Amino acid sequence: MRRLLVLTLAVSILVTAVAAAGPVAATASAPTGSSGTTITLMTHDSFNVSKSVMRQFTKETGVKVDVLPSGDAGAAVNQAILTKSNPLGDVFFGVDNTLLSRALDEGLFIPYRSPELDHISKDLQLDPRNRVSPVDTGDVCLNFDRKYFAKKKLSAPKTLDDLTKPQYKGLLVVENPATSSPGLAFLLATVAKFGPDGWRAYWEKLRNNDVKVVDGWEQAYNTEFSGSAGKGDYPLVVSYASSPPAEVVNAHPAPSQPPTGALLDTCFRQIEFVGVMKGTAHEKAAKKLVDFMLSDRFQRDMPLQMYVFPARDGTKLPTAFVKFAKVAPSPFTLPPDEIARNRDQWIDEWTNTVVR
Amino acid sequence: MHASGVHTSPSARIDRRRVARGLLLAVPLAFLGVFFVYPVASIIGRGLTPGGTLDLSPLGAVVTDPHLRDVAWFTIWQATVSTALTVLVALPGAYVFARYEFRGERLVRAAVLVPFVLPTVVVGSAFLALLGEGGPLGFLGLDQSLAAILLAHVFFNYAVVVLIVGGLWSHLDPRQEDAARVLGAGRWQTFRAVTMPSLRPAIAAAAAIVFLFTFTSFGVILILGGPGYSTLETEIYRQTVQFLDLPQAAALSIVQLAAVVAVLLVAGRAQGRRAQALRLRASAETSRRARTAGERTMVGVNLALMAVLLGGPIAVLVQRSFDTAGGYGFGFYRALSELRRTSTVFVPPIEAVRNSVVFASIATVIALVIGGLAAFAVVGPGRRAEPARGLDTLLLLPLGVSAVTIGFGFLIALDRPPFDLRGSPALIPIAHALVAAPFVARVMIPVLRSIDERLREAAAVLGAPPGRVWREIDLPIVARAMLVAAGFAFAISLGEFGATIFIARPDYPTLPVVIFRLLGQPGPLNFGAAMAASVILMAVTAAAIFAIERFRFADIGEF
């Protein structure tokens, strides 16, 4: 009896003590001693940057940055929309071209033309009013397991049409576009290729060729795909053009060649944007962060942190990217407003065609 | 109010009981009001008033849409079957833990809670390794099937039934059963006529929790069921997180709430008005070593079942965490403290463990206070008045409402002082406590109900004030249940259940967050390190539960 009370008391004291000491993980990564403004960077869970790079930003501008990861890209944008009357952050990083129109229509951002935009290709600048600026690109492409195709003495497929051929039956795993952003990008690639009237027929053929659909990228790539760590049963998977170099960088011992390759004629180009959030109380500091993210220092850091390609022209790429990451010569794209108008309907039709 | 004194009149005593009950009720009600009812009402309200005026048409559309009706029906159906299966599989396990002593019992008891904390995506990968086409059980063809969903639900919820039912069972006086046997009743008849009625409130409590968990199951449906299956929960997730179709999400949430309330009311009725008073014994007195061959088989079969069902997927994870490119070794564990060391998302593993343990401790304390007070309010002093019964149901509701609805509700409701919790670390333990508090209450209520009211009355007649009655009669008996409840609360928080995974949160990386981040990047080192982090999460869980168990033994010996 008394022991229980003592125990309760002891636990409470312990908890209070530890709580007061606080989990310091977040502050550990932020530079200390800065007396300037602190701004919040709202972003998706995949955001990542070198500590030294952020430290440099704070040193140069006196502005501290708190990162607020907010779920996957779709969840983060939707939370920003939901809270736009009382925004959660000052800068938003990571709205992509599949979500851009919705974000712009909802008035999430204020226009800002960063001087750094002069160094970024006009093709990527999708908003004429500069409410958002392109910050990186990534190609969603089919990846294949080199070992599997070598062992079977089968040539890997090249085009989307190849995937419906009998020799590739039961070899492809894709993500559900309703729950996964690369899954949606791959669906959009097929829409771009076969047109708004033809893509369903294509997916029917894929279905007849035993395409497997799973919930998300983690499951598809890590568990079902035979070319990576999970050693699954499917030698073809929807992933990124930057996945093969990651297979070299994130392996010990590092292989001389990636065990996987990207099929560059199957890619959909995702462009990620950054923008100053409407309602920010720190507009000046927020603009500085946007400038910094478009500058060479930040852009150079991105490839190995987030496995994306810098948007800025002439940015020096890391060796692994130069050697193993290919950029699709003519990726599929669709105008953001067309995506915004049809996205939900396409997903519904896809669901009816492929899984029901 | 009457002055308190030695000679209190009966009416004064009743008044004081009312006040005590009111105070007990106030705290959990306030907590649920602020952190559950208000956010959920806000997000549903926003969905139903798209242009500023009330529009109920989406609700009508949901109710009449044949596809969504199928979804609602499947949701209830799979949850019912999953619950029945879990109870059936776990009851013998509860019996073994309650009635027999065997070597390593405490370790096994701590280990059964381990599945509870594992992220679904990790368990999913282990299940797929076993059930997928190339796996040892691939021939069963269970990959992306209903059977895989049900199996995973049993895997995750086995501990709920074993610990809640086993907790009460271990206090039942075995001499009642012995008496029945002596009088000529068979084993089955004894179980049905003697044991079962006593256990009913605990079984009902456990079943209600398992039902709600499987009713709102999310990752299991998406990952193990595949795209062919959808439930109300996955639809609400899609409509909210992917499409931001708040009217549709609100309509689905209302349907979900209605279904949950209906099921809870039916279950409440089935459970009976009140559990009978039982003669409770210290658990040490009720369990012993298995003696006959039959008893040993019983223990052995159940342990074997646990080893296969719970141990199989866990063994896959452990094996993978050591299976590096250069043979078996600690390479992935080292990678945990080396990978992306220079980047902002890096957190040393020990710090992730610390963050997890701190949040779990705070969530456990909150859940014990809220759930404990609620349990005493429902059953406690002057329990013949029944206004607190509703609280029992209300407290369970957070388990039956979509985590997305609660999470997004937090965002729009708790955005101004005094409850400006957006971006605050306090959000995390509060969200976890919301899920854990009903566990605490449900674990404690059956035990509290079974306390013989005459004991309390006797103490009161002998002059003990209500506080003393509670301290001397209720608390010692309920202490064990509280520790079981604390274990659950801790495990729930460690596993990062609840609303937090869907919403913006400050960057205090816990172990599950580390696991998710590693799995989000390609490359064998990331995957291996994620497996290593999962193994560490399991070890931390088992150690914490084991520690809690130790306290529990120290206490129960006394009563």
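## Basis of the model

The model is predicted: local features need pLDDT of at least 70, side-chain atom pairs count only at pLDDT 80 or more, and totals for chains, interfaces and linings use all residues. Residues are numbered from 1 along each chain as its sequence is written, while chains are lettered from A and ligands numbered from 1 in the order in which they are written.

Helices (H or I, at least four residues) and strands (E, at least two) are DSSP runs, numbered from the N terminus.

Two residues are in contact if their C-beta atoms, placed from the backbone, lie within 7 Å.

## Strand pairing in chain A

Strand 1 (residues 38-43) of chain A runs parallel to strand 2 of chain A, joined by 6 bridges, and parallel to strand 3 (residues 91-96) of chain A, joined by 3 bridges. Two strands pair if DSSP finds at least two bridges between them. L41(A) has V67(A) as its bridge partner in strand 2 of chain A and V91(A) as its bridge partner in strand 3 of chain A. Strand 3 of chain A also pairs with strand 9 (residues 260-277) of chain A, in the antiparallel sense and over 5 bridges; there V91(A) stands opposite V276(A).

Strand 3 of chain A is mostly covered, with 6 of its 6 residues buried, and strand 2 of chain A is likewise mostly covered, with 5 of its 6 residues buried. A residue is buried if 20 or more other C-beta atoms lie within 10 Å of its own, exposed if 12 or fewer, and partly exposed in between, with C-beta atoms placed from the backbone.

## Individual residues in chain A

G261(A) lies in strand 9 of chain A and counts as buried, with 22 C-beta neighbours inside 10 Å. Its C-alpha atom is separated by 5.4 Å from that of N143(A), although G261(A) and N143(A) are 118 residues apart along the chain. Leaving aside neighbours within four places in sequence, G261(A) is in contact with N143(A), F144(A), R146(A) and P244(A).

The peptide bond from H252(A) to P253(A) is cis, with omega near 0°, and P253(A) lies in the loop between helix 9 and strand 9 of chain A. N130(A), in the loop between strand 4 (109-110) and strand 5 (133-145) of chain A, has a positive phi near 55° in a residue other than glycine. N130(A) is partly exposed, with 15 other C-beta atoms within 10 Å.

## Helix packing in chain B

Helix 17 (residues 349-379) and helix 22 (residues 466-494) of chain B pack at an angle of about 135°, their axes being 8 Å apart. Axes are lines fitted to C-alpha atoms, for helices over the stretch in contact, and angles run from 0 to 180 degrees between N-to-C directions. The two helices, helix 17 and helix 22 of chain B, are therefore oblique to each other; angles under 35 degrees count as roughly parallel, over 145 as roughly antiparallel, 65 to 115 as roughly perpendicular and the rest as oblique. Residues of this contact include F359(B) and A363(B) of helix 17 of chain B, and A486(B) and F490(B) of helix 22 of chain B. The contact divides into 11 nonpolar, 5 polar and no charged residues.

Helix 9 (residues 187-215) and helix 20 (residues 427-449) of chain B pack at about 170°, with axes 9 Å apart, and are therefore roughly antiparallel to each other. Among the residues of this contact are A205(B) of helix 9 of chain B and R442(B) and R449(B) of helix 20 of chain B. Its residues divide into 8 nonpolar, no polar and 2 charged.

How values were computed: Ala, Val, Leu, Ile, Met, Phe, Trp, Tyr, Cys and Pro count as nonpolar, Asp, Glu, Lys and Arg as charged, and the others, Gly among them, as polar.
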